[in-house]
2 protein chains.
Amino acid sequence: MAEVKSSVNNGVNVEALLAAREALTKAPEAALFKFRAACEWKNGTHSHSTVKSFYGLGQEQQHRSTFTFDADHPEIFASEDKGATPGEYVLVALASCLTAGIAAVAQHRSIQLRSVTATIEGDIDAQGILGIDSDVRNGFSGIKVTYKIDADAKREDIEALVAQSQKRSAVYDIVTNPTNVTVVVE
Amino acid sequence: MAEVKSSVNNGVNVEALLAAREALTKAPEAALFKFRAACEWKNGTHSHSTVKSFYGLGQEQQHRSTFTFDADHPEIFASEDKGATPGEYVLVALASCLTAGIAAVAQHRSIQLRSVTATIEGDIDAQGILGIDSDVRNGFSGIKVTYKIDADAKREDIEALVAQSQKRSAVYDIVTNPTNVTVVVE
């Protein structure tokens, strides 16, 4: 068993994560993080966002580089399609969160991953956002994520990996449960 | 009033959106959209996602270009910080959705925008995702969006713009209300 464990490498440093868990159990205030983005309107429905700093472990932190994102609506909505739509950013968030979790859980369970790919699709009825029918919600009526996973494990163990990733995913929680949002004008 | 209207240009084609609303009222099945992303695990918590096609107006559609996104965890989580975190993607989604809505509503209300910037911050207690305390949720405990808006309008009209954008925002709905997510392994 020890031999199997040492040969598994999904690129996740589980020892560091377990050490962090132990450290944060003793100092829970260090577990309070603030993540941020800044968004600047460009023109029409096009905006440009940047992600650089966050707060955690009791102090300000910086990403290694500044990440930038353009968002827009497509041409069939009379926009210029200069970036993915905001809804597509939610899909990227959810798929990437579940995928990171699958890698971390696989490492913890000594399962070698060879490949993990997901397709994610969200259904939306534009009658909501266009104000045609107030009974139609603005957001996705449902989202489906389909994984293809090639790993040194039985199918039931692969399914258990995915289930555990859902159980600990920040974005899965955000999408499936209500989150309080406050919007203010300065 | 007509003069004021013709001089306002926020880059949003409101006439086209109103025409779309009228067309979709008569053909509601054309309002059913499917948005998609594909996510590929790279190594550790790093994944690469692409956004290219979607479905709407009764047929397959393509973005003008393929949008690509790297997601990762930061170095203080023992990762390589090769992209924004999934939670930060949610913040980008929410800020860009509200900002696009502000521009569209402003155009409809003949309010000339000069600049719109938002900062968005989400609080997260990592005791949730690390499994330290099962009473702590995995996702954001709360999100705050702060707008600075320079526009040819009174403060109360600017606040009403932001409120109307929240009312019609897909991502605001997704974050503040539960969405059904199905995850399957092929």
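**The interface and the fold of chain A**

Modeller: In this predicted model, the area buried between chain B and chain A is about 10,900 Å², and carbon and sulfur atoms give 63% of that area.

Biologist: How many residues does the contact take from each chain?

Modeller: The contact takes 119 residues from chain B and 119 residues from chain A. A residue is counted when heavy atoms lie within 4.5 Å.

Biologist: Why is the pair A:Glu121 and B:Lys34 called a salt bridge?

Modeller: The criterion asks for a side-chain nitrogen of Lys or Arg within 4 Å of a carboxyl oxygen of Asp or Glu. The N to O distance between A:Glu121 and B:Lys34 is 4.0 Å, and the pair is therefore listed as a salt bridge. The count between chain B and chain A is 12 salt bridges.

Biologist: Which element gives the most to the side of chain B that touches chain A?

Modeller: Helix α3 (residues 86-108) of chain B gives the most, with 16 residues. By class, the residues on that side of chain B divide into 61 nonpolar, 35 polar and 23 charged.

Biologist: What makes strand β5 (residues 142-151) of chain A and strand β6 (residues 181-185) of chain B a pair?

Modeller: At least two bridges are required for strands to pair. At one position, A:Thr146 stands opposite B:Val184 in β6(B).

Biologist: How do you know in what way the two copies are related?

Modeller: Chain B can be laid on chain A with an RMSD of 0.0 Å by a turn of 180° and a shift of 0.0 Å along the axis. The two copies are therefore related as by a two-fold rotation axis. The same surface serves both copies, since 100% of the contact residues of chain B recur in chain A.

Biologist: Let us turn to chain A itself. What makes A:Arg36 and A:Glu60 a salt bridge?

Modeller: The closest N and O atoms of A:Arg36 and A:Glu60 are 2.8 Å apart. The cut-off is 4 Å, so the pair qualifies. The pair links distant parts of the chain: A:Arg36 is in strand β1 (residues 32-43) and A:Glu60 in strand β3 (residues 59-71), 24 residues apart. Over all chains, the search finds 24 salt bridges.

Biologist: How do you know that β1(A) and strand β2 (residues 46-56) of chain A pair?

Modeller: They share 7 bridges in the antiparallel sense, and at least two are needed, so they pair. Within this pairing, A:Cys39 has A:Ser49 in β2(A) as its bridge partner. The two strands form a hairpin with 2 residues between them, and A:Gly44 in the turn has a positive phi of about 60°.

Biologist: How many bridges join β2(A) and β3(A), and in which sense?

Modeller: They pair over 9 bridges in the antiparallel sense, with A:His48 opposite A:Asp70 in β3(A). Their hairpin has 2 residues between the strands, and A:Leu57 takes a positive phi near 55°.

Notes: Residues are numbered from 1 along each chain as its sequence is written. Chains are lettered from A and ligands numbered from 1 in the order in which they are written. This is a predicted model: local features need pLDDT of at least 70, side-chain atom pairs count only at pLDDT 80 or more; totals for chains, interfaces and linings use all residues. Side-chain values use heavy atoms; hydrogens and water are left out. Buried area is the accessible area (1.4 Å probe) that two parts lose on being put together, summed over both. Helices (H or I, at least four residues) and strands (E, at least two) are DSSP runs, numbered from the N terminus. Ala, Val, Leu, Ile, Met, Phe, Trp, Tyr, Cys and Pro count as nonpolar, Asp, Glu, Lys and Arg as charged, and the others, Gly among them, as polar. Copies are superposed by least squares on the C-alpha atoms of residues with pLDDT of at least 70 in both.
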